[in-house]
Every structure is written in C-alpha cells, then in structure tokens.
Amino acid sequence: MKSFAPQGRSGKTVEEPSYDWGERRAGKAFLALHDGTIFRGWSAGADCDRLGEVVFNTGMTGYEEILTDPSYSGQLVAMTYPEIGNTGINHDDHESRQLFAEGLIVHQMNQPSNWRSVRSLSDYLRASGVPAIVGVDTRALTVKLRTEGTARGYLAVTGRVGEDEAVRRARDWCGLDGQDYAARVSAEQAFEWDGDGHISTTWPDQDRLPAADLTVAAYDFGIKWNILRRLRQQGIAVRVVPAGTSAKDILELETDGLFLSNGPADPAAVTYAIDNIRSLLGRLPIMGICLGHQLLGLALGGRTYRLKFGHHGCNHPVKDLTTGKVEITSQNHNFSLDPDSLPPDEMEITHINLNDDTVEGIRHRKCPAFSVQYHPEAAPGPHDAGYLFARFRELMSG
Amino acid sequence: MPKRDDLKKIMLLGSGPIVIGQACEFDYSGTQACKSLREEGYEVVLVNSNPATIMTDPEFADRTYIEPLTVDILHEIIRRERPDALLPTLGGQTALNLAMELDEQGVLERYKVEMIGAKVEVIRKAEDRDLFKQAMQRIGLDLPQSRIAHSLPEARQARRELGDFPVVVRPAFTLGGSGGGIAYNQDQFSEIIESGLQYSPISEVLIEESVIGWKEFELELMRDRKDNVVVVCSIENVDAMGVHTGDSITVAPAQTLTDREYQRLRDAALAVMREIGVDTGGSNVQFAVDPKSGRLVVIEMNPRVSRSSALASKATGFAIAKFAAKLAVGYTLDEIDNDITRETPACFEPAIDYVVTKIPRFAFEKFAGSDSTLTTRMKSVGETMSIGRNFKQSLQKALRSLETGRHGFGADGRDQGFETLSDRELAAELARPNAERLFQVRAAFRRGWSLERVHAATLIDPWFLGHLQELAAYEDEIRAAGDLAGLSRDPALFRQAKEFGYSDRQLAFLLSESEDAVRQAREKIGLLPVYGLVDTCAAEFEAHTPYYYSTYGELDECRPSDRKKVMILGGGPNRIGQGVEFDYCCVHAAFALRDAGFETIMVNSNPETVSTDYDTSDRLYFEPLTLEDVLHIYRREDCWGVIVQFGGQTPLKLAADLERNGVNIIGTSPRNIEAAEDRKFFSSLVGRLGLLQPANGLASTAEEAVAIAEDIGYPVLVRPSFVLGGRAMVIVYDRPTLQRYMVEAVEVSEKRPVLIDRFLEDAIEVDVDCLADGETVVIGAIMEHVEKAGVHSGDSACAIPPLTLEKPVLDTIRSHTRALAGELQVRGLMNVQYAVRHDQVYILEVNPRASRTVPFVSKAIGVPLAKLAALVMAGFTLRELGFTEELSIRHFAVKEAVLPFVRFPGSDTVLTPEMKSTGEVMGLDIDAGMAFLKSQLAAGSEIPRAGNVFMSVCDRDKPAVVELARQVAELGYRIYATLGTATVLREAGVKAHALFRISKGRPNVLDLIRDREVGWIVNTPSGASPRHDELTMRGQAVAHNIPITTTISGLQAAVAGLRALARRERHEVCSLQEYQRYSRVDLRLPRNPR
C-alpha cells in the first residue's frame, strides 16, 4: 500500500493536509542530558518519557532496522541524517520482533513515500510505545557527544517532568556500564528460526533457499533477524537459544556450530555467557558478531573498554588484515576489545578499523573460532562483509 | 602499495570548450588531477583548447598545450613529448573519445603510451551499448528492453519488436544525449532516429523500452586496483525518468529508498564496476526504479569522472577527482588520506547530515523557436547547488541561487504568470517537464489541487511534492502574522520560516515590507543563521577544512580568525554570457591574495567550478549570492574587503546594496562600475575626453525610437538597458522592423528605456583589457575581432596581436583606454570595446571590471591579469608588482567562440549582437592564419584540407569574395556557388559550379549537404532578416556538422590559415611554457608565508 497522502493528527488519511506548525513551534518536548544540556523539539512518537544512553547513528538509511535492533535497548538514538521517516515502515525490514530503542531523536520527521511502506514511522512509534523528539539540532547534539562522549539522557515528551527533574533523572541513572541487557532482550524460550523459510526469503531475496544441511545453535543476546536470514541462506538451520543456556545444554543440541549474537550494553556484565563460551571453545566451531565478538574475547581472557562515543553507522572502513582488502561496514557498538589484552599465542587480530585502529575482528589460532566487531549481516548497511557467513559455513564443514 | 614509479611523464586531456553537457566541472577535475599528480612527482603534460580554465594556467602542468583536441594534434604532441601514460578519465566524454581514437589509430601503441585510469576494453564495454547490455546480462542485472540499429529500417523493425510507443532513442558515443530523445509516435521516431544516427560517430542508436516516470537514481563510486570500492554519494532525481539527469533537479543523498533498496542499488553498482572493470578511478551508474513494484533497471554507467562526480564531490567534501588521479597511478583508497578529517582514510563512504539540491539553469530565451520541453537530450547551460539542513531549506536556497530573479519557492511576487494560467493550461504545463515546473507545482497547490493530482500530472515522487505542498500552505501561516511587527513578536514563527528556507525577500513580499526592514527586524531579535561544516562524516570526526553552509540551528561551527580577510564573490550558475571565465578570475584572486598573506573567503553556488573546491580559498561558503546571504558571511567573518568585479553580473548587481550596508568593496568603486553602464554618464564621459561614439539616443516608446533612428540613420543597434550578454540586442535596418521590435521583443518603460546606436557597418571591432592602479594604466592586450562589428564580442573570434590595425590606430586606442581608466578611477581591470572605421576609433562600451577575455589575454601574453588586479585592489601598485608596460608577443593567439545551436534545432544559427556561445577555445601559433585555423579546429569546425566548398555571399560582399575564392581554388578546392555568386566568380576567372537557390530548384546546396558532398560552407547573411533559404541551409549545416563561415573577414583568416597549412603540411604544436619564454616579464607577486 502506498501511503503518501498527508495524515492528520488522528493518523487517518485525509484529503486536506493539516499541519501542526504551531505545536512544533511550541517545542514542548525536550531531551535532557546528565550535564544539564537541554535540546528542545516536539513529540512525534508515544506519549511517554524515557531514560537512556544517548548515541548518534550516522547511517543515512535504515531507521526501521535500527529501531528494531535489540542492541539499541537502553539507548536513545539520534539520527544524524536530518530527513527521517521518508520510507515509512514496512513488513520486511524488521530486525526483531519489536522496537527496542528507548527513544528516537531526529531533526525532521516525514510522511512516507515508498511502495513497500505500510505505515508511517510516527504511527509505528506511537503504537510501539516509544517516544520520539523532532526538531532537534542533531548536529549540535552529535558534536557534543563526539567531544564529550556518550551521555545519559532523559527524553521528556509528556510535559509531566520539568527540565531540572529530567536532568536529575539522567544524572542519577546508572547507565549501561556493568549492565546485563542481554538477559532483558533475549528470547525466553529456544526456537527454530524460520521453519518454512518465508522470513529468510523476503523481498528482494526471492531466490529459493538452499536445503539446510548444517545446524547451528545461536545464542540470543539480542540477535538481529538478518543474521538469522544470512545463516539460513547459507544452508544452515538455526536453533535460537536464550542467553543463559548452559554449555551442556548447547552441546546436547548436537549442532554443527555455535553462533554468538550481537546485543546491547556492557559485555563484561554477561559473565555467565563468558563462562559458557569458554567451555564451548574448541568443542564447536564458533562465529561471533558485535557483543558476541566481545564475549569471545572476554572468554579468552581479554578486556573490553568503553569507546568515547561508540561506532554507530554504515560507513566504517575495516581492513581484513589477512587479505589487505577494505570493506565498508555497518557498526553499532560502544565497547571494544583491548588488543593488548588478548593472548597473542592464542588470538590473532584479523580486522582493524581504519578510522581509529580499533579491533574489528579476531580469530583463534588453534580452535575453530572467529568473530567480528562489526555487522556483516548489515541491515542496515553495505553487504561487503557478507562473505563471513560463508566462511563460517566452511569452518563448520571443514 | 605505493604509487607506480615506472611512469615519469603523464599526459592529461582536458575537455575542451564549455558546451552544453560538458562544462567547467572538467576544469575542476582536471585541475585537481594536475595538482595531485605533480604532488606525487610526476611530470604532467596537459592538453586543452580552453583558455578560460584554471588547469591551463602554466603553473599547473610542466607542459601546457593549448591546442585543438583532435587526434592529429594529440599525435603531434605525443610525438614531441613521449609521455609514458595517458590519463583520459578526467576530461569528460571528449577526452575519453579521443583516447579511444588514439588507441584505434595505433598512436598509443606506436609511442608506447599506456592508458591509465581506464583501459580501452573497459571504456568500450561501458560505452558500447551492445557490449554493455551483454555485460549487464552476465551479472544478472535488468536493463530496459532494447535493440540496436544502424539504419532507419532496422530501427523500425526493432521498435516493432519492443512494442508500444513511447520509446527512447540513445545514440552511441555522444555527449549529453545529443541526437537522442523520446518518440511518442512514428513521425517523431523517424526524425529522432535520423538525427541520432547522424550524431553517433559510429552511426549506431539504441532503441529502448520507455521507463518514463520511474524514479531515477545515480551512484558515484570509486574503485581501486585492490578491488576496494566505495560509494561516494547517492543522488535522486526529483524529475522522473524521461528528463536528462543534467536537466533534472536532483538531491543528495537519495531520499525515498529504504536501506534494503539502497543497498540493492549499491550491490548492483559494485557489480557493474567489477564487471565493466573500472579499477583505478571514479565512475557513476544510473538506475531507474519502478515506483510501483521496485523493479530495478540499470540505465548506464560512465567509466570516468563526470558532471555528477563534481556534484557529488562538492556535496560531500570527498575529493573524487584528486583521488581518481591517485588511483590511476597505483595508489589504493586505504593509502590516501581524507584531507577533511585528516585522521581517517579516503577509503570510506561519506555520511552527510544535510540535504543537497542541484537545479539546472537554462537559457531558452536565447534560442527563439526551440522547444523548452525537457527531454533526454540535455539543454541546460549551467547549474546551481545548495546545502540546507532539510529539503525545504535546501530547495529554497537553490532556487534563490539560480539567478533567475526568483527568491525561493515562489512567494516573491513573481508568480502571476503561473497563477493566472487556466486549470487546463496548468495541468498541461505540469505534465510537460520544463524549467519552471516547480513554480507551476506551487500554483497547483495554492489552488488546492491534491497531492495525488499533482503527482499524476508531474510523476514527481510524492515525498518531494509533500514538502512543496507544505511550503505552499505555509505562506498563509506567515501571512497570518499580519505584518512584520507581528512576525517579530512571534520569534518562533520567524525562526520556523527561516528553517523552511524563506528568504528575507519572500517574507518581505508576504508581509508587504521591504527586504531591509525584514533583515533589521530579524537581526533585532537575534535571529541569525549559523554555519555548518561540510565534513564527509556527519560530525563523527573533527573536520579541518573550513567548508561551510548556512542554516538556522543551535551550533555555529564558523570560527573566524583574526587575520585580514578578503571575500571574493563568485559568479553563480553558468549561463550564456557568464561562464567559466569569471570563475577563473575569482580563483586567481583567491590564489594571489592567499599568497600575499590575506585570508581568502570564497562565496559561490556553482558546483562545477574550481572556485568551489575546498582548497582553492582559505574558507569556502557554498551559499546563494544574495544580499542576505553575503551580508551574513561578511559580518560573521568580519571581512576587511569584498571583491565584486570578478564574478560577472551576479556580484555586481549586489554591489550597491552591499556598500549601502557598510561593506568595504575594494577596487574600482561600484558607483563607477555602474556609472559606466549609464548612457548619460557615458556620453558625457566620452564628450569630456573628446572621444567619438556612434550617434545614439534613448527611447521609452516606439515613436521615440523611430524618431531617433531616423535622426541618426539606419542601420541601428537596439538593446534594452542593463543586460548581460547582449540579451535582446539586434541590428535593425528599417522602420517596420524597429516598430515590431519595440512592441514584441522588449518591455520598455521610462525606467527601462531602449538604447539606440548608429550601427557602424563594416567596422572592425576591438576589445581591450587593461589594468590600472590609480597611477599606472597598463594595457593587457588589444584584440582585433575577426567578425565585423555587429556580432556580440562574446561570440566573435578575436586575435592578439591585432591582425590588420595600423600603429596610429592602435596608439589612439591606447591613449583612449588610458584616459578612460583614469577618468573612471579604475583600481583593477577594465575592458573597453571600440569600433574602427576608416581609421576613426569609436568607443562602444566600457566596463571597469573583469571581462570574459581576461583568461584569454592572460594566457596569450603570459601575465596573470586577474591576480595582478586582485593585488591592486588589495593595495599593491602595478609598479610594486612589476607590471608597468604593455607586452608585445611574437606569436598569435586567436580566441573562437563555441555555439550550442546543435542543441536547439529550429533556432537560427547566425551570429548577432545577442550572445549565444557557451564557451571558447584558443588557437596559438607563430603564424596568424594557422592560429585562426587552429581556433576553428578547436571549436569543432574543422575546415577540410580538400574537397568541395559551397559559397553564397550577399551583394555587399561579392567584390571581396573574388580574390579569396581564387585562393581557395588554388588550394585545390572545388567551388560550388549560388547563381549570383558563381556569376561574379566566373566573370573574374574563378571556376565555380552553379547551383540553384534552395527555393528555386534542384540540385541545390541541401542535396550536397545530404550527400555529404560539401565540406565547407561560406555564407554571408543578406541584410537584416535572414531569408528562409539561408535558415534552412545553416540549420542543415549545423545538423551535419559542416563548418560554416559567415563573414568575409572569417573567410580571409581561414584562407590565410589554409595557405600556411599547405606550406607546412601539418600542424605544429608548442606549449604555453615555450611561448612564454619569449615574452617574459619579471613580475614580483607577493609571497607572505603564514
């Protein structure tokens, strides 16, 4: 359904467009940062206030994927690209069962025009109970976060909380350091991914899926569907298991491999997963992405540290040190593995970020295990690193 | 891996003159490439025939050849220079085609020249429709269904196979879609096929399924030899498929694609790059997307840097051309630094946090009779780009940058023409892509038409229309403030209007106030724009390059220094009469003043130019050139002075208002610049100095005009006051024509009278460029026009040194020029136009500012006049700078204009006082005739060395033609002539074959043209209005690309050249550096290191 007709405040399509210029000018919504900075705007999502870590994402497309990526749990996401909502929300591009970001911060919110759109972003946010603030000078916010680091913020749209109170709440909030959010977003029950294959073949990947001749257990620390799609497209049947599943239970599944998913917040807080991975290493071929990558590093005795403002976007150049080739990658993380903490006799750094030389990929020298900090499944972002799923398949087959 | 060290000397090809479809974007890319290659220690040999380019400045290459871009000439240069490599991917389609020809003729192989940037096979695969199609099929990409044809019957058959009309016709290997088009029926089809076959150098056309109305996207990519690929920028066309992308309004980044859809384009574009095999440079790939189903088809790819690359480069800050040159010599993307962030490599994809809008600039008013509907054949002559935080702001800024008298998206008091259209007319206009369509859309929304209705008519994506609809409605919100006081009382509303991109002029109109009042009210409440950085990374990293745009927001990233600053105002979009020459002057000012220790601040809105390159000046503001925008920058930066005399009419129009607002305009005072345009002032000046001018008068009515004309005698030259490029300027031979002109052609009023001058028939026209500092006046050069007076100086060929004028006349011209410079208190450049008849020197016009000929003169004499002028304006004297005497040169330089008639079928091709050329070339030689011939060759009208020539001259020219015709015959040409001309020739003993006049019977010249039996036409127009015969003939000649000489003086020069060529056998080439060795002057340009 095409839904370009302007929508009234009721959300219903109307012939005569009505505009809420006055409401926008009133600027009743605001974002308060823990240091007392206030950014003003108006509300275009659900009528509720939220706490969260404020991060910026530089991707120019992909808000639907970003909002439904469980890794954004606990975060208020500011989009640096100013025109947002242009393509609405569709059925195919969700990255999980629901919206996970705590809130959305944008400069401009638009009505959609796209042949796949089924509803506007604004409607979707409202229906999902997630607030959004529009009209923010997102560049000013980004420069602030870049120079001063990730902030704790309180997004106030209801008018029920004053500025001072909002700042206080942001300041008093514990933030994401030391927090295990994986447990919050993980599936509660194990499940087979996409038994009939219909989600893995959504637009435009209409080719038939290969028969699934391998199986993998995937720890769900906040897994994105596109990882599951990519694995399935490699002929791998996926059993998604909750974050807390024990190593023993994993082994009992008798899969050909183990996948460690992406996820939100601080990897060091997910101690049970680190322990499980340590005991599974060498017993199953392992691939990890993002949080999964950090957990693999931690399981091997490495350390993670917080980046000043994280990497969130679709344009990070990563060099594969084994081939010398550069891939443009999709990234979303606030923590990173400290390269000096990794045991050099066991681990090899395979990928680095060309912007800041941070670790982007590691490989175990003896056991069949590798991981990347970035998102080879993209969604959103370029597909340059998609070969890694084939590499995982090889690891399991060989 | 480092750069290649097996290469030492690299030859770079420019794109030649500015033509429609190929403008100064290739000066930008070529200049970047020259800088970049020399930085790496390579010896650069540059060839370009266009003197108005920065790249042909002698300091940008080791050897600079301003020579015609033809295979023979390039062959000569290669023989002489023996380069190791040829880099053709930065000089547009021209350079690419030449490289292919050099390869085909075995020149590259013979001299062991390696083609770098793109290999021959790659270019062939990308450019040959059939090979491209096969390549796309191999990688599973969809294309519009198509068939190739080499003849009309073949084409008809192909069309039947494809199904219904419309179909698209694309000739192979042409520029900007020349000769192509959309056919809606059989007649149109035949016509387009015939012209397409004509234009294609290999007589091949592609007939294609129509995807008209689909969404159009373009991706700019770079790939290195290690297969690293990045997408620099995505561009979405506001106009749907069916309008040439050069004629479309476009935005960056793409707005209406989800990430999945965008990545699908990206995957496809990468696959195209890999399959075609571009592995050391930039390319672009165009796509069409069905808005209903999302079906994706590939339209085409360019295996080279293009117009879109320049746009993408300016839109993102990513230096495509510079990096392309580095990739061509072996670097990989990860080895190159991003200058803007300094800490990140060039191997990344820019993220932008603003919206960029490009709007093309047209010149249909210049080509009466041509169709203004936009099609797949490019017709725009320039473009403007603007940057805003949101689409509305970006679009409104772009509209006010366009210099078409509009101040935004309507609401500026100039919409009556659209508002008074009937519904039916409006609907028809909406459905017809045209230059004014945005304003028609506004009119439709103001009438309350629904978005669906406007979408159905225009096929513009609803996303864009939604924003336009909101803007149209918002006008009432502004009006609801009642008056300016009301708006001031509601700062949030005021701010919202500015965020939506409304200019002070629009607010003034909506609230019936003056612009000044709006600005003052706005400043009073502290509502000022802030400046954002163009940083390639959406603020993720700190940027080190001060490249700014204005917006209304909270963060101002402009951090002015405390140095002494000079602001240089650029020329805005290219149009006829205002082109790259003015940008050249601006760039020179930036270079000279930067070297002299000033901080230079450039303001311009033209993405094609060198001036808008981020490292041309210390600080770049990509902004509209309007009072509001310029004043803000001036004050924010706290500039010491502003240069307005280099950017052509655009900044000059602002000068008075800027000065009124306390801006320090350096150089000749704007009052004197303006005064020179004032007829009364001019006449009194001429009288005061005891000079001659043609008898003249000012008329406000048709009656007055007739009275004046009859008093001074016909023929008269008539024109409106205050025009650029001789707009609506004509020579009138009789009363009825004059009366018609006064009624039909111009709007006349008391305030805008018409100027009437006695037209000096058969006079020689002269241009002089000089420099003055208040003490010293130095003549740059005296240029003698080849065409007789009556042809706009921008359209006529001219020579340095003068070809026929004697010393006494030249001395008179010199003393007149000095007197004028003194009287007008010129500080900087001045151009004077004279007419010489019977040794009498008449002054026609004086312009105390940079003229179109400054780059030509600078290159001819080897002195950078614009640099010196900028320094003079900043306070240096010519004595200090070491330039005190006119130079005499030992070689000849001829400038020739390049005309776009081929793009405007139906318009007359004869030269008139109204300027029509888009660009210029320069011929250099030690022989005057050869220099002229080279200029003709460079302008694309190569006079064949043998064969048939057709002559038809008017009675006035008959005596003069005899001797020339005799020489032509002696050179071995066979002369055909109309009966009258043939008779005169025969009587004088020159052999000539008579033909019928076109209207009298056959065989006539049209038969000869059609059979390609004639290679050169000499036709001097008879009298005021061309006969139908002549029109038809000239039209056909243009369509068949046959050189046509329209003046006796032109014929004279050509014959002299042909005779010299016959003596020499072939063209000789020589670099600018070598010529200048003989006419050197020791300038002392200040160099104050900072």
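The centres of domain 1 and domain 2 of chain A, taken over C-alpha atoms, are separated by 29 Å. The structure is a predicted model, in which local features require pLDDT of at least 70 and side-chain atom pairs count only at pLDDT 80 or more, while totals for chains, interfaces and linings use all residues. Residues are numbered from 1 along each chain as its sequence is written, and chains are lettered from A and ligands numbered from 1 in the order in which they are written.

Domain 1 of chain A spans 3-172 and domain 2 spans 182-397; these bounds come from an automatic or database domain assignment. Each domain gives 25 residues to the contact between them, two residues being in contact if their C-beta atoms, placed from the backbone, lie within 7 Å. On the side of domain 1 of chain A that touches domain 2, β3 (50-57), α2 and α4 of chain A each give two or more residues. Helices (H or I, at least four residues) and strands (E, at least two) are DSSP runs, numbered from the N terminus.

The contact between the chains takes 53 residues from chain A and 56 residues from chain B. On the side of chain A that touches chain B, α4(A) provides the largest share, six residues. The residues of this side of chain A comprise 21 nonpolar, 20 polar and twelve charged; Ala, Val, Leu, Ile, Met, Phe, Trp, Tyr, Cys and Pro count as nonpolar, Asp, Glu, Lys and Arg as charged, and the others, Gly among them, as polar.

In chain B, six strands form an open sheet of mixed pairing, in the order β17-β18-β21-β20-β19-β22; two strands pair if DSSP finds at least two bridges between them. Because β17 (530-533) and β22 (641-643) of chain B stand at the edges with a single partner strand each, one side of each is left without a neighbour in the sheet. Within the sheet, β20 (residues 599-604) and β21 (residues 619-622) of chain B pair in the parallel sense over four bridges. Asn604(B) has Phe622(B) as its bridge partner in β21(B).

The largest nonpolar core contains 466 residues, and Val642(B) and Ile643(B) are among those with the most contacts inside it. Such a core is a set of buried Ala, Val, Leu, Ile, Met, Phe, Trp, Tyr and Cys residues joined through C-beta atoms within 7 Å, where a buried residue has 20 or more other C-beta atoms within 10 Å of its own. Helix α22 (residues 580-595) of chain B supplies the largest share of this core, eleven residues.

Key:
Buried ≥ 20, exposed ≤ 12 C-beta atoms within 10 Å, placed from the backbone.
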